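Here's a quick look at a ligand site and the pockets around it. Have the model open while you read.

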Amino acid sequence: MIKIAPSILAADPLNLERDVRRAIDAGCDWIHVDVMDAHFVPNLAYSPDTVRRLKEICPIPIDVHLMMDNPGRLLDTFLEAGASNVTIHAEAGNVSSLLRRIHQAGAAAGVALRPGTPADEVKPYLEDADLILAMTVEPGFGGQKLDEGVVRKIRELRESGYSGEIEADGGIREDNLHMLKENGLTVAVMGTALFRNEDMKAAISRMHGIK
Ligand code: DX5
Ligand code: ZN
């Protein structure tokens, strides 16, 4: 079964608790939190305090995606706040030491790749990474169109023998999820397509059923 991780970037900032509870009640598997530093990406979003508060209402894993030039600077604070998974970008560097710190804190560690970054960049870390996040849009904003060129990279990672989670993020909708799953995807981050769906529960149930 493919895991569904709603991205709260698409939730209503004035009603974040309401929208997160709605997603949990609808049967999602993880809650995806996009952290942006206005350097690595041209946008700014979420702090460790958001994770700390979410932890109070989330019985499911909190999946933190650090789009930061220097993720090591706030890494411990996000871990102390209760992040279940922390994903750093390969392009930001220091991958091995950051993965080690995430594991030492007892969390699951992930490595993310921009659409243009080849799978080879992450291959040295496959043994230490619990998840690989293949960005299917240029990171920074929700509501963009999925880059189908990334599907080949997902297949390449799976065919390389990687047995951990492969997560995709950006532009995922119900009608392109099957293509991603058949190429090796196990976790789908979805923002706009989920939070704008009037019947999120039915949508998640259908997507859980995709063979
Ligand atoms: C973009 C973020 C994504 C984004 C997904 O940089 O990492 O998580 O919020 O939103 P949609 O599903 O609308 O593309
Ligand atoms: Zn994300």
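The shell around ligand 1 splits into eight nonpolar, 10 polar and two charged residues (Ala, Val, Leu, Ile, Met, Phe, Trp, Tyr, Cys and Pro count as nonpolar, Asp, Glu, Lys and Arg as charged, and the others, Gly among them, as polar). Keep in mind that this is a predicted model, where local features need pLDDT of at least 70, side-chain atom pairs count only at pLDDT 80 or more, and totals for chains, interfaces and linings use all residues. Residues are numbered from 1 along each chain as its sequence is written, chains are lettered from A and ligands numbered from 1 in the order in which they are written, and side-chain values use heavy atoms, with hydrogens and water left out.

That shell holds 20 residues, the closest being D34, G140, D169, G191 and T192; a residue is near if one of its heavy atoms lies within 4 Å of the molecule. Strands β2 (31–37), β4 (62–67) and β9 (187–190) each put in at least two residues, and β2 has the largest share with three. Strands here are DSSP runs of E with at least two residues, helices are runs of H or I with at least four, and both are numbered from the N terminus.

Here are some polar contacts, meaning pairs of N or O atoms within 3.5 Å:

| Residue | Protein side of the pair | Distance to an oxygen atom of ligand 1 |
|---|---|---|
| S7 | polar side-chain atom | 2.9 Å |
| H65 | side-chain N or O atom | 3.4 Å |
| G140 | backbone N or O atom | 2.7 Å |

Taken alone, ligand 1 exposes 380 Å², and the protein buries 99% of that (Shrake-Rupley areas, 1.4 Å probe).

A pocket is an open set of points on a 1 Å grid over the protein atoms alone, where a 1.4 Å probe fits, with protein on both sides within 12 Å along at least five of seven lines; lining residues have an atom within 4 Å of a point. β2, β4, β9 and α7 (192–195) each give two or more of them, and α7 gives the most, three.

The second largest pocket has about 200 Å³ of space. Of its 13 lining residues, D37, M68, N70, R73 and L74 lie nearest the centre, and β2 gives the most, with three.

Conventions: A polar contact is a pair of N or O atoms within 3.5 Å; within protein, one must be able to donate a hydrogen and the other to accept it, and residues adjacent in sequence count only if both atoms are side-chain atoms. Grid points are joined across faces, edges and corners, and a volume is the space filled by probe spheres set on the points.
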